[in-house]
Amino acid sequence: MITSGFTNAPVTKYLLFSAVVGALVTSITDTRYYIHIEVVPHLWNYGQFWRILTWQVCFTNSTEVLFAVLSFYQLRVIERLWGSRKFASFILATLPYTTLLPPLLLTFVLRPLTFGRINHLPAGPTAIIFALLANYYAAIPYTYRYKISPFAPTTTPTPSNQSETFATAPRSASPSGTTPAQTATNIWARSLTFTSKTTSYLAPLQLALSQFPGSLLAAAVGWAIGTAYRRDLLPGASGWRVPGWMVGEEKKRGFEGLRARLDAEREREGAGAGLASGILAEGGQARRRTLGDMVAEQFRGRG
């Protein structure tokens, strides 16, 4: 069903509030300088190898916290699709990979290849966000597409007008057979096609480019790990699940658990249960939702 807020997404709610509270605590206690990684001097000179395990605790920049909150909120649909148990299992099963691979690649691959120029890995769970984003890209379909063009499409001339145009047109043309005016029109008349999911990638993209190139490394590793999880390429990660009591799920299986979940959601939604089919009821008459209704439902609190 189309719902807003954190309905059926308790794990995402915990991740979002953890990002905010963690950044606030490190700012108040003035400990944010102990989270990020610099190979030299943190690892090789000072021997602070514990940073490899703690660099994903929280973000240390208020701008990154804002975009992380927006990213987690957009990715809550993954938890609704998978269920809280599989969602939490994904976070924990991929945590060793998202935590260890970025600093190891930075230390033993990128820094030697760049002769020490790439030396910094910013703090924050950027890799976790992009691991979820890879599954969001593959599993969530878009609902509509739209195009953006700098000019309105030109109308094609009729056969009579076309013959007159060719008769009065100048003979000078480029070697390819098109005039310079036609070439410029062809270049600028091209339009860009976007989908309803395009805006969901803006906040994660800002995270990936916020502290380039270290943040981009964490984002690339997270995307690769999320793709590998979806294709069952991570050893021991895809088939493992956390106990149901950890996410508040009762021990119900098969159709019984599915029926209980649907009944609870129907009771929670009440009269708004028809939103799943895109139909709104007003005064006993059904009407189809408009584009404005679809956009408003993403931000309007329900339940």
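**Note on the predicted model**

1. At 76% relative accessibility, Phe115 counts as exposed, because the cut-off for exposed is over 50%. The model discussed here is predicted. Phe115 sits in the loop between H6 and strand E2 (120-121), and its phi is positive, about 55°, although the residue is not a glycine.

2. Asp232 also deserves attention. Its phi is near 60°, a positive value in a residue other than glycine. Asp232 belongs to the loop between H11 and helix H12 (254-269), and it counts as exposed at 56% relative accessibility.

3. The UniProt record (an unreviewed entry) places the feature "transmembrane region" at residues 12-29, 49-75, 87-110 and 122-140. The span 12-29 is 94% helix and 0% strand, with its end C-alpha atoms 26 Å apart. For residues 49-75, the end C-alpha atoms lie 32 Å apart, and the span is 63% helix and 0% strand.

4. Helix H1 (residues 10-28) has 19 residues and reaches 27 Å from its first C-alpha to its last, close to the 27 Å expected. Its buried residues are Val11, Thr12, Leu15, Leu16, Ala19, Gly22, Ala23 and Thr26. Seen down the axis of H1, these fall within an arc of 150°, so they line one face of the helix. Helices H4 (62-74), H5 (76-82) and H6 (84-113) are among the elements covering them. The face turned away from the buried side carries the exposed residues Tyr14, Leu24 and Ile28.

5. Two cis peptide bonds should be noted. One joins Val40 and Pro41, with omega about 20°; Pro41 is in helix H2 (residues 39-43). Another runs from Phe212 to Pro213, with omega near 5°; Pro213 is in the loop between helix H10 (202-210) and helix H11 (214-230).

Methods
Residues are numbered from 1 along each chain as its sequence is written. This is a predicted model: local features need pLDDT of at least 70, side-chain atom pairs count only at pLDDT 80 or more; totals for chains, interfaces and linings use all residues. Side-chain values use heavy atoms; hydrogens and water are left out. UniProt positions are given in the numbering used here, feature names are shortened, and annotations may be inferred rather than shown by experiment. Helices (H or I, at least four residues) and strands (E, at least two) are DSSP runs, numbered from the N terminus. The expected span of a helix is 1.5 Å times one less than its number of residues. Buried means under 20% relative accessible area, exposed over 50%, partly exposed in between (1.4 Å probe, protein chains only). The arc is that of the directions from the helix axis to the C-beta atoms. Contact means heavy atoms within 4.5 Å.
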